[in-house]
Amino acid sequence: MVEKIQRVAQEIEAAQLGNAAELEQFRIAYIGRKGLIASLFDDLKQVAPEQRRQVGQDLNRLKNRAQERFDQAQEQLANTTDSGNANAFDFSLPTVPNTLGTRHPLSLVRNEINRIFSRIGFNISEGPEMEDDWHNFTALNFPENHPAREMQDTFFLSQDRDKLLRTHTSTVQVRLMEMQKPPLRSIMPGRVYRNEAISARAHMVFHQVEGLYVDKNVSFADLKQTLYYFAKEMFGQDTKIRFRPSFFPFTEPSAEIDITCLICKGEGCNICKYSGWVEIGGSGMVDPNVLQNCGIDPEVYSGFAFGMGIERITMLKYQIKDLRLFTENDVRFLKQFEGVI
């Protein structure tokens, strides 16, 4: 066994590694899974127990030396190739045009949302994307066994699951209610993260805008009129809106928000599944427990909250059918929005 190791060591030192073919041949012969060194490790079990430790150390040194020779030769070959390519550049070739896109459609829609709500007295609030359990879950009335607290739904940053990437911008609502006293009227646009498979309809990172209004005598009628105004300003005066009963831990009562399909104008098509309606978000009256968790007396104050995905609004507004287009940085896609103000 010792003689085999010495013979392979001599072959490694004598190997010629002047080009890519020789380098690949060396890798297969010595470093690869079926190479000579791997074969020697397999034969280690046949060595006498009292010699096995020493032979194992020799094999490890042999393996490290083979990898070292391979890495050095690979780096030297890469440097030689880069230098040769630089010298071989053809300066007679035409220049590559510096192609520019335009403002991103998500930025365009986010700015438009900000303008719409600013006109009716809403401020704009922002908060950190790395959050803790209190602001993301506990303060918002999420029970301990809620699915959102599981790792398959949330990106946790610590073993105790107290640090995480926020799953919604409701965290900013909590921080706002903790820092300021009512009346409060603000929207919270920002980026959020959820552990989802990337597809044409879902992504692990996306953007939300949420709204919060807390004051004395705030009612569901105030919520409805606010969202009626937003839908007509964003999608056109002919747009209709409806509310469907739903459930969210942080609002009670809660409702899903639907608007008339922009493709078929409510007549029914494959986009809206022939219902004439498409969902744009969720809403409801702020749960008294949430107000109390944030130091606001629910016997004196009430409020409403709503949330929408900016990607969903953008896809509806511009009839974009694949969510992945927003993150592919394709200039051809971005140039389509040159005329958008």
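Predicted model: local features only at pLDDT ≥ 70, side-chain atom pairs only at ≥ 80, totals over all residues.
The phi angle of Gln319 is positive, about 55 degrees, although the residue is not a glycine. Asn217 is placed in the loop between β5 (205–215) and α8 (220–235), and with a relative accessible area of 73% it is exposed.

The protein chain as a whole comprises eleven helices and nine strands. Its radius of gyration is 31 Å, well over the 20 Å given by the globule rule for 341 residues, so the chain is more spread out than a compact globule. Along the principal axes, the C-alpha trace spans about 90 × 65 × 40 Å. Of the 341 residues, 40% count as buried. The accessible surface amounts to about 19,900 Å², and carbon and sulfur atoms contribute 49% of that area. Among contacts with a separation of 6 or more, 66% are between residues 24 or more positions apart. Charged side chains number 40 positive and 45 negative, and the centres of the two sets lie 4 Å apart.

Pairs of residues illustrate how separation along the chain relates to separation in space. Arg7, found in helix α1 (residues 2–14), counts as partly exposed at 44% relative accessibility. Between Arg7 and Ile263 there are 256 residues in sequence and 75 Å in space, C-alpha to C-alpha. Lys232 belongs to helix α8 and is partly exposed, its relative accessible area being 30%. Beyond the neighbours within four places in sequence, Lys232 is in contact with Gln237 and Thr239.

A further pair is formed by Ala202 and Leu323, which are 121 residues apart along the chain but have C-alpha atoms separated by 6.7 Å. Ala202 is situated in the loop between β4 and β5. Its relative accessible area is 18%, and Ala202 is therefore classed as buried, the cut-off being under 20%. Apart from residues up to four places away in sequence, Ala202 touches Glu196, Ala197 and Leu323.

Helix α5 (residues 105–118) was examined as an individual element. Its 14 residues reach 20 Å from the first C-alpha to the last, close to the 20 Å expected at 1.5 Å a residue. The buried residues of α5 are Pro105, Leu106, Leu108, Val109, Ile113, Asn114, Ile116 and Phe117. In general, an α-helix has 3.6 residues a turn, so residues three or four places apart point the same way. Within α5, Val109, Ile113 and Phe117 are among the buried positions.

The bond from Pro182 to Pro183 is cis, with omega near 5 degrees, and Pro183 lies in the loop between α7 (170–179) and β4 (184–193). The bond joining Glu252 and Pro253 is likewise cis, with omega about 0 degrees. Pro253, in turn, is part of strand β7 (residues 251–260).

Pro253 is also one of the contacts of Ser283, a residue placed in strand β8 (residues 277–286). Ser283 is buried, with a relative accessible area of 2%. When neighbours within four places in sequence are left aside, the residues in contact with Ser283 are Leu223, Leu227, Phe243, Phe248, Thr251, Pro253, Ser254, Ala255, Ile257, Ala305 and Phe306.

Methods
Residues numbered from 1 in each chain as written. Heavy atoms only, no water. Helix = DSSP H or I, 4+ residues; strand = E, 2+ residues; numbered from the N terminus. Expected span 1.5 Å × (residues − 1). Buried < 20%, exposed > 50% of the residue type's maximum accessible area, 1.4 Å probe, protein only. Rg over C-alpha atoms; globule rule 2.2 N^0.38 Å. Contact = heavy atoms within 4.5 Å. Areas by Shrake-Rupley, 256 points an atom, 1.4 Å probe, with all protein chains shown as cover. Lys, Arg positive; Asp, Glu negative; His and termini not counted. Charge placed at Lys NZ, Arg CZ, Asp CG, Glu CD.
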